[in-house]
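Please read this note with the sequence and the model side by side.

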Amino acid sequence: MARARPTSSRSRPKTRSPWRRRWSIAWKSLLVLALVAVGALITAVYVARAQLPSFEDLKSSPNGQMIRVHAADGSVIVSLGPSYGEWLSIDRVPAVMQRAMISVEDRRFYSHLGVDPIGVARSVDVRVKRGRWTQGGSTITQQLARNIFLTSAKKFGRKFREAILALAIERKFSKDQILELYLNKVYFGGGAYGIDAASRRFFGHGAGHLTLSEAAIIAGLVKAPSNYSPTADAEAAVGRAGVVIETMRETGAITSAQAAAADPQGVKLAPAPRQNSVRYFTDWALPQLELLIDETVKPLEVWTTLDTDMQRDADAAIQQNVPKGAQGALVALDRDGAVRAMVGGTDYVSSIYNRATQAVRQPGSAFKLFVYLAAIEAGKTPDDKELDAPVTIDGWSPRNDSRRNSGEVTLRTAFAYSLNTVAAKLGQMVGFQTVADMARRFGITTPVNTHPSMVLGTSEVRLIDMTRAFASVANKGVAVTPYAITKVTSDGETIYTHEVDRSHVLVAPDVAARMTDLLQTTVNTGTGRAAQIGRPVAGKTGTTTSSKDGWFLGFSSGLTTGVWMGRDDARPVAGLHGGTAPAKAFAAFMRQAVAKRPIEEFDTKVTLPDWQLEPDEEAYYGSPDNGSFVDGDGYPVGGGEVVPDAPRAPADDAFEAGQEGEQRLDQEWIDRVTNRRRDPARPLPAPGSPPREIPVAPQPERRPPVRVDTYSTADRPNQ
């Protein structure tokens, strides 16, 4: 009987490792998923391809919204939006322009399928090394897809859709068609879309005759149109063009000899179109369209409140009066809030920063408007008296600018001569929080502190907000909201019309009238005499510590104007006070702005001294100030030139009775200048009545005069 043969170990079945089985399943699953993903990608690409517009439709599609801005008289002041040149077919585009664009933006343009994996890998590698995205991996086709169909948001979802569209575009159009679309639709800055518009914008001729250097400059703009724009930074544009030329040499697009012969620095640029101060207004007004309308594609006609004559006069007033090395801003509001003029700086080309709407600066004594409004609302009247004497509030001791005190004075006098001690006492009386609330009530949008020194204007404000506040006082206490756009039309259809809201009452009419009383006294006899224009004017000066800011805000004949001057770096400006350059700029502008408007009386009037009570309107309303009774800083001084052949009031002598050139001012003289000591039973003249002499009540025994320095205007917050 034969023995059984032992079983060989080689014949035994091998036991498979569970890890190998798992890896096999995983790889098979990944392969299936990859096949599904590829299938989905192909499907998405061909679905997108089917939905793409035709080549002709893409040629005619707009790149942005055209906007024409009209002034109040209907004239076009600005046209904004895309600028298109002539559409150039690919055979009309200079070869040097084609090679420049391909070299710098997509050197493998003719070999990839719409997405360049090598470019993407290079971009990721740079991102890992530098820690931020500094180099894009988008092809020309991807950029075209983004410019036409998508936004520039840096999100993964957008990049994925961009890649799908790029692959679809490559399936539908030829390389030459893609390049033609790209060269005619890409944005090159300065509002120019397409190489022909860019060439005309920067070089003054069409793109059909571009040189190598000009083509390099245009090609270099795509990366950052605002940074490399020849009109904004010629040096940066030339430097970027040099990079483009070197890249063209490296890729073989040009020879070394051609690269050496190129001279970007020798390119003659077309002069930039002149940008005047109107752009400050349009830059402020047009962003408001996003809140007013929903239309973002169709061309728009925007009708605004701007008065071109007033704008020209405003620009001239700032240019002629702003101190050397300083900036100036002006805003003019009509009684309904319509912005009639806006100047945001001395030169829009060199600085587009709008100091009328963006800058926040301390208003100095102009802020006392809110202090006195709060006091009047609390029951005070212009004829009430306060003691101008040293005061300490929570460790703070304000001083008048003269470093002297006048004793007992009326609120009218304290406001006209901007006495700090009285303002501090009023602020303490009504509460500093109440003053802050009053400022907010009248439209101050910036933070307002409640420290005692806030009564002197230590909180920063915007010029347009301060002008709005003064306009609301002029409007008898009814809120005035600045607006710029009256209506918007598209394709002949009105899609927006502005409606003025006159229902928001800020203070009672009598409070506004008493405040106007104080404001017009400031112009007639106080710190604002340089703002006189030959008709009733009410206003207030403001100057900050070390003359860093000068303000004048006032109104007349339904128009309210605010002026600010100073340096952007907040350094002192020698000789700058609210009563000098700002007040003079106000007067220069307002004389022209209200010249055709009827003279309007205020509810309360300041009657001039007896010797000026003549029947002619010029004497009654105050002639334009030419420096008499005003010192070099715009503050009132005694004596001065007297109107020829006019008898001098006896009290004027007391003002000049000082020794060794010193001048003396007492309450008696102040009261006589403002003509406040008269029979209280005698009513004020009715509006529009001719001026006449008013009997004055018997004078009480005269107290010893109080010496006051001629600079006692307290028009600056104390340090």
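What percentage of the 719 residues of the protein count as buried?

1. Overall picture. The share of the 719 residues that count as buried is 52%, where buried means under 20% relative accessible area, exposed means over 50%, and partly exposed lies in between, with a 1.4 Å probe and protein chains only. This is a predicted model, in which local features need pLDDT of at least 70 and side-chain atom pairs count only at pLDDT 80 or more, while totals for chains, interfaces and linings use all residues. Residues are numbered from 1 along each chain as its sequence is written, and side-chain values use heavy atoms, with hydrogens and water left out.

2. Elements and surface. The protein has 24 helices and 14 strands, and these are DSSP runs numbered from the N terminus (H or I with at least four residues for helices, E with at least two for strands).

3. Contacts along the chain. Among contacts between residues at least 6 apart in sequence, 70% join residues at least 24 apart; a contact here means heavy atoms within 4.5 Å.

4. Helix 8. In helix 8 (residues 195-203), seven of the nine residues are buried, and the helix is mostly covered. Among the buried residues are Ile195, Ala197, Phe202 and Phe203, and Asp196 also belongs to them. Just after this helix, glycine 204 takes a positive phi of about 80°.

5. Alanine 216. This residue lies in helix 9 (residues 212-221) and is buried, with a relative accessible area of 0%. Leaving aside neighbours within four places in sequence, alanine 216 is in contact with Ala241, Val244 and Ile245. The C-alpha atoms of alanine 216 and arginine 99 are 9.6 Å apart, although 117 residues separate the two along the chain.

6. Arginine 355. Is arginine 355 buried or exposed? Arginine 355 is buried, with a relative accessible area of 2%, and its place is in the loop between strand 7 (339-343) and helix 15 (368-377). Its side chain makes a polar contact of 2.9 Å with the side chain of serine 351; such a contact is a pair of N or O atoms within 3.5 Å, where, within protein, one must be able to donate a hydrogen and the other to accept it, and residues adjacent in sequence count only if both atoms are side-chain atoms. Not counting residues up to four places away in sequence, arginine 355 touches several others, including Tyr280, Gln327, Trp564 and Asp568.

7. Helices 17 and 18. Helix 17 (residues 420-430) and helix 18 (residues 432-441) pack at an angle of about 95°, with their axes 6 Å apart. The two helices are therefore roughly perpendicular to each other, a label given to angles of 65 to 115 degrees. On one side Ala424, Gly427, Gln428 and Val430 of helix 17 meet Phe432, Thr434 and Val435 of helix 18.

8. Two serines with positive phi. Serine 547 has a positive phi of about 55° although it is not a glycine, and its place is in the loop between strand 12 (538-543) and strand 13 (549-556). Serine 557, also not a glycine, has a positive phi of about 50° and lies in the loop between strand 13 and strand 14 (559-566). Serine 547 is buried at 8% relative accessible area, and serine 557 is buried at 3%.

Notes: Axes fitted to C-alpha atoms, helices over the stretch in contact; angles between N-to-C directions. Parallel < 35°, antiparallel > 145°, perpendicular 65-115°, else oblique.
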